[in-house]
Amino acid sequence: MITIITGAFAQKRKKSEQPLTGYAITAIEKGGRSWKEVRLVNITTGEEIKSVYQSKQETESFNARTGAPIAKKDANVTAAKAPVKKVVNLDQELDAAQGKTVRVRTVVVNGSFNQYDKPFATNSAAMAYDKKHERLYYTPMGINQLRYLDLKTNKFYYFENEPFGTASGPGDGATQICRMVIASDGNGYALTNDANHLIRFTTGKNPVITDLGALTDEASNGNYTIHSRRGYGGDMVADANGNLYVLMANRNVFKVPIDSRVATYMGTIKGLPDGFTTNGAMVEEGSKVIVASSESSIGYYRFDLTTMQAEKVSTNASVFNASDLANSVLAFEKKKKKDRKNDLIEEQKQPAAEEEVTKKTPQQDGNTTNGITVYPNPVTSGYVKVSFADQPAGKYQVDLIDIAGKLIQSKEVNINGSMQIEEVRIPRSLSGGSYLLKVTGVSNKVAFTSKLVVQ
């Protein structure tokens with residue numbers, strides 16, 4: 001069967017979908033480097049959808065255990081009496097690790113020059129979105145304290161006097177917490193720059209904060225280590241199978257099972273522009289991860305965990321560069337059976353004109369019983385989707401072949417559900433014309449072959 005869905009229909013459906021969004025910690029303006037604002041941003045355009053928190057606004061904060069208001073620190077300490085600490089910000093720590101010259105400044109720690117009681121007083125580069133409770137968890141730099149913003153009430157809550165890391169101050173780069181995520185078990189996880197402290201925090205009633213200790217390197221990592229100073233910064237995402245993925249600021253990626261805490265080097269993200277550090281990350285869907293840079297406002301990028309190849313996803317000339325991104329999506333998350341069927345029904349709906357074209361395709365009935373469908377066809381958007389309905393579980397291979405029989409590309413997919421949809425990217429260098437898409441199933445049996453028209 002060749003299921004024919006016009007490019008216009010595919011574009012109509014794409015426009016009807018909700019925009020891809022994420023929470024971002026940003027500066028007041030694009031290109032800034034003060035991480036005290038929280039925005040909900042449109043990843044495709046790079047523009048703000050909603051201002052979640054502005055550093056200039058007056059807020060009241062509460063104790064996360066008791067609900068009592070946070071007692072503000074004494075702001076009348078004079079500069080002569082107040083203790084002074086050297087400060088190197090996160091971006092300077094990364095510069096120093098790469099051998100660049102850094103300028104160190106001093107600030108009053110408890111005086112009026114530095115109000116630690118403000119929600120983002122010392123900047124932040126670690127945030128996680130808890131969709132179940134509608135909260136944004138985060139921790140300020142140099143302050144060993146877990147905090148969260150209740151999105152339902154716009155109130156801040158602090159876990160006062162409860163250790164959350166070991167940072168001695170904003171200048172202690174190694175122990176800064178710059179990576180945080182809510183994992184598949186519903187718990188939050190935060191990781192220090194040096195990867196010597198993986199901290200778990202529960203999100204339900206009576207939250208528990210536990211320092212799980214250091215991550216260790218898998219033996220095959222070689223010279224790539226999860227503890228590298230050159231990777232300070234970055235972020236974490238999680239998958240549906242109990243794994244964390246640590247993205248270092250230098251683009252290296254490590255996979256970490258929560259139960260073993262052994263970090264395996266997966267590769268270095270390819271295709272990002274010069275100067276683009278990977279400071280914020282969130283899952284789009286499947287193996288696709290969106291990354292943002294604190295250094296560059298040129299755009300947001302998508303990379304694939306299976307190939308490490310990146311491509312620009314935002315369309316505007318500039319975006320809000322961010323120290324962190326967060327959403328609630330898990331990598332390799334399976335859709336609920338009902339949702340998969342609804343998606344397939346919606347994607348296969350065709351206008352009357354398209355039904356006429358389909359009627360002229362004699363192979364359609366046979367392919368319907370086979371349970372595998374490819375769409376859209378012709379291909380106008382650079383990718384096709386292959387849906388698997390009621391197929392035997394196991395590994396399948398999807399091959400793109402030219403009319404001379406030459407293999408252009410191959411993708412392996414693992415089918416483990418009654419309804420599963422996989423996306424196949426068409427190489428940009430591929431010229432328009434007719435090709436074959438072949439799916440080989442379990443026991444190396446050809447399960448599906450279809451003519452594919454690339455425009």
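Modeller: Contact here means heavy atoms within 4.5 Å. The model is predicted. As background, most residues other than glycine have a negative phi, and most peptide bonds are trans.

Asn123 has a positive phi of about 75 degrees, although it is not a glycine. Asn123 sits in the loop that runs between strand S6 (105–108) and strand S7 (124–130). Its relative accessibility is 16%, so Asn123 counts as buried, the cut-off for that class being under 20%. With neighbours within four places in sequence set aside, the contacts of Asn123 are Ser34, Trp35, Lys36, Pro140 and Met141.

Asp390 is another residue other than glycine with a positive phi, in this case near 55 degrees. The loop between S26 and strand S27 (394–402) holds Asp390. Asp390 has a relative accessible area of 64% and is therefore exposed, since that class begins over 50%.

Next come the cis peptide bonds. One runs from Tyr375 to Pro376, with omega near -10 degrees. Pro376 is placed in the loop between strand S25 (372–375) and strand S26 (383–389). Another cis peptide bond joins Asn377 and Pro378, where omega is about 15 degrees. Pro378 also belongs to the loop between S25 and S26.

Notes:
Residues are numbered from 1 along each chain as its sequence is written. This is a predicted model: local features need pLDDT of at least 70, side-chain atom pairs count only at pLDDT 80 or more; totals for chains, interfaces and linings use all residues. Side-chain values use heavy atoms; hydrogens and water are left out. Helices (H or I, at least four residues) and strands (E, at least two) are DSSP runs, numbered from the N terminus. Buried means under 20% relative accessible area, exposed over 50%, partly exposed in between (1.4 Å probe, protein chains only).
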